[in-house]
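Let's take a walk through a protein model, one piece at a time. Have the picture open while you read.

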Amino acid sequence: MEIKDFLLKSWNNIKNIWQKQTIQTSTRIGYHIIWNIVLFFITIAIVGAFFLGGLGAGYFASLVDDESVQSEEEMASAIYSYEETSEMYFANDQFLAEISTDLLRDEIGLTQVGENVRNAVIATEDEYFETHNGIVPKAIFRAVFQEVTNAANKTGGSTLTQQLIKNQILTNEVSFERKAKEMLLALRLERYFDKDEILEAYLNIVPFGRNSSGQNIAGIQTAAEGIFGLKANELNIAQAAFIAGLPQSPSYYTPFNNGGGLKSEEGLQPGLNRMKSVLARMHEESYITDNEYQEALDYDIVSDFKPREPSVLEEYPFLMNELKDRATDILVNVLAEQDGYTEEDLNNSDILEEEYHILANRALESNGYRIHSTIDKEVYDAFQKIAKEYSNYGRDKVARNERTGEVIRVENPETGELEPLVVPVQAGSVLLENSTGKIISFVAGRDYNTSQQNHATSVPRHNGSTMKPLAVYAPAMELGQVQPGSVIADVEEDFSSYGYNRPPTNYTGRYYGLVSAREALYKSHNVSALQVYKDILGQNPAQQFLDKMGFDHLSDDPAHNDYANLSLALGSSYRGVTVEENTNAYATFGNGGDFVNGYMIEKIETNDGEVIYEHQSETTEDVFSPQTNYLMIDMMRDVLTRGTGTAARANLNNKSVDWAGKTGTSNDFRDTWFVATNPNVTLGSWMGYDYNQQLDSGYSARNNVFWAQLVNAATEIRPELMAPSQSFERPGGIVSRTYCTTSGMLPSDLCSELGLVQTDIYNANYVPTKRDDSLVEETYVMVGDKAVIAGTDTPKEFTEGDGVAFNPDWLEDMGYDKLSDIEQLIPSDSGVWGDIQFPETDEINNDGEDPLMPTSVSLNEQNLSWDASSSQDVVGYRIYRSSHPDDDNFQRIGSTTDLSYTLPSREAVYHVRAVDYFGQESKASTEVIMGDFSEPEEPEKEQENQEDDQQEEQADENENNNSNNSEDSSSEDNSEENTNSDQDQNSNSNDDNTETQSNDEENTENE
């Protein structure tokens, strides 16, 4: 009741007030006041807005004041200057890989991009793309407000056009100035480009994280291939949505790890969530239906992610790096030439060279070049397989400092401990086409992870005896110094004037005497090569021939002058040579004597197909004449058939191919080589340690077999190239001649009788024309241990041998008389050579005095012996006998060159006299008595004894036939005893047996 009364009373009060118009009056007064206040603030707001607008406009103008107005051409150039990855190709345009850079990108046109991708990108990155003019004001205001208020969620305000400007013209700098310029340029770009052009450029530029190999990628095509293994027009809705969501944070949303392979389930989640957001935006913008949206959400996108693949750099690391380096070198010259510089300008300025090297690297990584190589993919793959699986390289060894010998230690990544570095035998090989110089394949090493050095193209090593054909024998034949049948003295000689501290030797430590140039090569005798090179060194063969064959790193430093160094003949150049250089030089022989520089880059073209470089094979001037070249080929054939390269030929599947080559070994067995050529190709192979350790025995055979396996593999793939049916063609001007193996001259009758004749081929201009005069048919005597041609007064009874000896005048003319041991001239497989004597070349002077008598004469049963006369010209000894100690009538019963004589078994008295070269006798030696003369002999028995003497002496002659020299009758007495004595003179001296040495054929050689 009280409440009802209260309400009624209140209503009556309000009614009274309204009737008095108190409220109406107050309201009109308040309305006018409020309206005036509102008008005031509106005026202030408008003025403030104009002020702020002007201020903002002024500020905006100040931010873009220094931004020049770009023309359409300038903007187009900037927009389309995005980096495009260059590509490499095997021979025959077979794709190899994209060049490894920080970012992989392939350019495609918008027509090659599927609608799903375009819709997904527009929906998530720029919903107003089709309607705006480059910027969206409300998005910008929203972004500014979020920036000013430091809002937790910042949506950004950039359109696709603005993002394109930021990436291609401006930078990623976060500032109002950059944003203002971005807006201005975006508006301008929209005037010049249509929407499709802008979208196409954007899709080719934007980064999309990593591919399955872990490489950074950009561009929609690279992303589609690298993430799903599809083309950009093959992506379904879910795949397109996933890719479209990546640009906002590529490394965060990418499904792949930095080193390749899928992230963990937890790591994949951000990218999957981002994909759902993109799908939601596509659904909101009606790009996809409800069913498509739900299907995409339910789609198992993870199963579509590409499995990890090794990057091409992992699969072909040596090849990729080699092609990139060579392409860079080519582009240095191309770019410099475009700017008006010559190759000479680059060579004369290190700064200019460095500048263009940087520019070439950048161009290679960003200009999208197509680099076509000469490498045959199938052959290259086969070579790598053999290099990896070959099981007979030799053992691994601990690496040591070459100078100090200290063990090299490296840190174990697992334990952190320092451990000795153990390294394997490395290998390098190059296969090259002779006529063009194309490098068809190579082996750079066994394992890139073990050693990153390219042992085929970049690691110089001493090439050992493979240098002999290049620097010694072919140049010497070209200069007319030797021919295959020329005879060389492989003997100990003093080369100290050429820098040798001790006389050089062959691999076996022996010398091989008089050998032909052909044999010296296929058996790889070192001393023979030095002898030949010494004779042509004055004509600078290194400059005349090696320089022409691509050996660009020979030293002319006075301290290490390869051009004057005799040891260059054995492959000891100061810096060494690469396998590529050595193989390329041998291809000269395979190409008829003409050198063609090897190459690996066939051409370089732009992505539009414009060829900016194409290799032109240019033959240098002839290095060797066709005749010299063929002779060298023919000599090197023997290396494989009967020399140090027989293991290589034995392991060839096709032995009918005409191969010619040479083995090589460097000092201390650190390098082993084999290089051979056929009418089509040349293949060189090397093995050694990176730290120059000594190779184990059998190294040459191991490398020969490795070489043969490479040949066999390549022949299976390219038989027409590797196994030509034709042999090397023999040119005109080659003739066959016989020669005497002692001198290399035309055989004399005496040389022919001895069987010392061989036949070889010659350059018709350098056939031997002089008849051999190295042998003489003369009798000789031994003076001490020297054979001396018998003089007119020399007793014939002391001459020995079959009468064949080296001509002393010839020995002197050849300088062989100065040898410390002249018998080194006899080849190790002496045979008939053992019957040839070495006469003393020094003349024996007649002092007019009789020689001194022999001493220490003694008798042991029937053996009479004595010590030699101390006179230096004694040629033999005569034995005299008397029938009784009291009888001074001594008669000569025999002679010998030995120091003993077998006497007849009867009582008698004997003495010995020495005989010199001029026939002069010494005084009689001390007498010795055989028998007992204590009982005087009955006179009537004397006649019987004389008759018995004849019979005994005849028996003595037969008994001493193999050891004593005969004596001509010279007694003045015509008595019966003299006649009997003369009968003893038919005994013969002992033959002088000459020991022959076996000729152990070298399997390897050492410099």
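This is a predicted model: local features need pLDDT of at least 70, side-chain atom pairs count only at pLDDT 80 or more; totals for chains, interfaces and linings use all residues.

**The whole chain**

Let's zoom out for a moment. There are 31 helices and 34 strands in the chain. Of its 1007 residues, 50% count as buried. If you take the contacts with a separation of 6 or more, 70% of them are between residues 24 or more positions apart.

After the helix comes G592, with a positive phi near 75 degrees.

Two packed helices are described by the angle between their axes and the distance between the axes. For α23 and helix α24 (residues 626-642), the angle is about 110 degrees and the axes are 9 Å apart. Angles from 65 to 115 degrees count as roughly perpendicular, and α23 and α24 are therefore roughly perpendicular to each other. On the α23 side, Y586, T588 and F589 make the contact, while α24 brings in N629, M632, I633 and M636.

**Another buried helix**

Now look at helix α4 (residues 115-125). Because 8 of its 11 residues are buried, α4 is largely enclosed by the rest of the structure too. The buried ones are V117, N119, A120, V121, I122, A123, T124 and E125. What do they pack against? Their neighbours are α6 (160-168), α8 (195-205), α9 (220-228), α10 (237-244) and α12 (265-284).

Time for some strands. Strand β11 (residues 425-433) is mostly covered, with 9 of its 9 residues buried. In a regular strand the side chains alternate between the two faces of the sheet. You can follow that here: V425, A427, S429, L431 and E433 point one way from β11, and Q426, G428, V430 and L432 point the other way. Residues pointing either way are all buried.

Strands of a sheet pair through backbone hydrogen bonds, either parallel or antiparallel.

| Strand pair | Bridges | Residues facing each other |
|---|---|---|
| β11 and β21 (residues 681-689) | 9 bridges | L431 and L683 |
| β11 and β12 (residues 439-443) | 4 bridges | V430 and F442 |
| β28 and β29 (residues 863-867) | 4 bridges | T855 and D867 |

β11 and β12 also form a hairpin, with 5 residues between them. In that turn, G437 has a positive phi of about 90 degrees.

**A three-stranded sheet**

The last pair in the table belongs to an open sheet of 3 strands, in the order β28-β29-β32, with antiparallel pairing. Which strands sit at the edges? They are β28 (855-860) and β32 (900-902), and each pairs on one side only. On average, neighbouring strands of this sheet are turned by 15 degrees against each other, direction ignored.

**The nonpolar cores**

In soluble globular proteins, nonpolar side chains tend to be buried together. The largest nonpolar core in this model has 92 residues. F442, Y473, Y533, L546 and M549 have the most contacts inside it. A second, separate core has 60 residues, including I165, I205, A224 and Y293.

Leaving out residues up to four places away in sequence, Y473 touches, among others, V482, I488, L521, V532, M632 and M635. M632 is also part of the α23 and α24 contact.

Finally, find D886, in the loop between β30 (874-882) and β31 (891-896). Is D886 buried or exposed? Its relative accessibility is 66%, and exposed means over 50%, so D886 counts as exposed. The C-alpha atoms of D886 and V909 are separated by 9.4 Å, and these residues are 23 residues apart along the chain.

Conventions
Residues are numbered from 1 along each chain as its sequence is written. Side-chain values use heavy atoms; hydrogens and water are left out. Two strands pair if DSSP finds at least two bridges between them. Helices (H or I, at least four residues) and strands (E, at least two) are DSSP runs, numbered from the N terminus. Axes are lines fitted to C-alpha atoms, for helices over the stretch in contact, and angles run from 0 to 180 degrees between N-to-C directions. Buried means under 20% relative accessible area, exposed over 50%, partly exposed in between (1.4 Å probe, protein chains only). A nonpolar core is a set of buried Ala, Val, Leu, Ile, Met, Phe, Trp, Tyr and Cys residues joined through side-chain atoms within 4.5 Å. Contact means heavy atoms within 4.5 Å. Angles under 35 degrees count as roughly parallel, over 145 as roughly antiparallel, 65 to 115 as roughly perpendicular and the rest as oblique.
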